[in-house]
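Hi everyone, thanks for making the time today. I'd like to walk you through one structure, so please have a look at it while I talk.

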Amino acid sequence: MTLNERAAKLHATRQYLRDAALIAGRLLLSLIFLHEGVTLATHFEGAAKAMAALGVSLPLFIATVALQLGAGLSVATGLLTRLGAIGLGLFCLATATLFHTDFASRNELLHFEKDLAIAGGMFVLAAVGAGRFSLDWLLAGYLQQRRRDKDMVAALLAVENQFSLGLPV
């Protein structure tokens, strides 16, 4: 095996490990939001009352459940991952600063720090993207193929038009 072949194999292994880490990270990050979203949705009435007691209106509560489920699925599946990650990262920052600022309580401090850590993970994910094991990757490949097909058809039509213009009818 040549040096170039070894380097290519090493690079491919690193890419595979990077993408495997990305899917594991995406699934772990999305799990908390999917679990919470499903729990809130399945116990909607009680959860809405509990949120109302904290000052969260019903429309905001519904938006929260929709964000957790929609963006959670986005991150888990790798479809529009960057958008979902940004939404959940901002959600975690808002949750930390609006609901977990009683630092005299050790529990509240831990929730504050947890929300900041998850937000950081989401912003890193938004920066690097979903990786190869994602619907974003599959969709990008499909769209690139469609563009190549469209360019090929345009080139063939141009050649056909060039030959047909030179011949008398």
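Predicted model: local features only at pLDDT ≥ 70, side-chain atom pairs only at ≥ 80, totals over all residues.

Searching the whole structure gives 4 aromatic pairs, and one of them joins Tyr16 to Phe133. The two rings sit edge-to-face, with 5.6 Å from centre to centre and 75° between the planes. Now look at where the partners come from. Tyr16 belongs to helix H1, residues 3–42, while Phe133 sits in the loop between helix H5 (106–128) and helix H6 (135–166), so this pair ties together parts that are 117 residues apart in sequence. Phe133 is partly exposed as well, at 32% relative accessibility.

There is another pair I'd like you to find, and that is Phe33 with Phe91. The geometry is again edge-to-face, this time with 6.4 Å between the centres and 70° between the planes. This pair also links distant parts of the chain: Phe33 is in helix H1 and Phe91 in helix H4, residues 81–99, which puts them 58 residues apart. And here both partners, Phe33 and Phe91, are buried.

As a bit of background, nonpolar side chains in soluble globular proteins tend to be buried together. In our model, the largest nonpolar core has 14 residues. Phe33 is among those with the most contacts inside this core, along with Val75, Ala85, Leu88, Ile118 and Met122. Which helices supply at least two residues each? Those are H1, H3, H4 and H5. The largest share comes from H5, with 5 residues.

Let's zoom in on Met122 for a moment. Setting aside neighbours within four places in sequence, Met122 is in contact with Leu29, Phe33, Val75, Ala85, Leu88 and Gly89. There is also a second, separate core of 6 residues, and Leu40, Ala48, Val56 and Val65 are included in it.

With 4% relative accessibility, Leu125 counts as buried. Beyond the neighbours within four places in sequence, Leu125 is in contact with Leu22, Arg26, Val75, Thr81 and Ala85. Compare that with Val128, which is in helix H5 too. Val128 is partly exposed, at a relative accessible area of 37%.

Leu125 and Lys150 are 25 residues apart in sequence, and their C-alpha atoms are 32 Å apart in space. For Val128 and Phe163, the separation is 35 residues in sequence and 47 Å from C-alpha to C-alpha.

On to how the helices pack. H4 and H5 meet at an angle of about 160°, with 8 Å between their axes. An angle over 145° counts as roughly antiparallel, and that is why H4 is described as roughly antiparallel to H5. The crossing of H4 past H5 is left-handed.

For H2 and H3 the picture is as follows. The axes of helix H2, residues 44–53, and H3 come within 10 Å and cross at roughly 120°, so these two helices are oblique to each other. H2 passes H3 in a right-handed crossing. On the H2 side, the contact is made by Phe44, Ala47, Ala48 and Met51, and on the H3 side by Leu58, Phe61 and Ile62.

Last stop: the end of H3 and what follows. Ser74 is in helix H3, which covers residues 58–77, and it is buried, with a relative accessible area of 10%. Not counting residues up to four places away in sequence, Ser74 touches Leu79, Leu80, Thr81 and Gly84. Where is Leu80 found? It is in the loop between H3 and H4. Leu80 is exposed, at 53% relative accessible area, and its phi is near 55°, a positive value in a residue other than glycine.

That's my tour, so over to you for comments.

Notes. Residues numbered from 1 in each chain as written. Heavy atoms only, no water. Helix = DSSP H or I, 4+ residues; strand = E, 2+ residues; numbered from the N terminus. Buried < 20%, exposed > 50% of the residue type's maximum accessible area, 1.4 Å probe, protein only. Contact = heavy atoms within 4.5 Å. Phe/Tyr/Trp six-rings, centres within 6.5 Å; stacked < 30°, edge-to-face > 60°. Core = buried A, V, L, I, M, F, W, Y, C linked by side-chain atoms within 4.5 Å. Axes fitted to C-alpha atoms, helices over the stretch in contact; angles between N-to-C directions. Parallel < 35°, antiparallel > 145°, perpendicular 65-115°, else oblique. Left-handed = near helix turned anticlockwise from the far one by under 90°.
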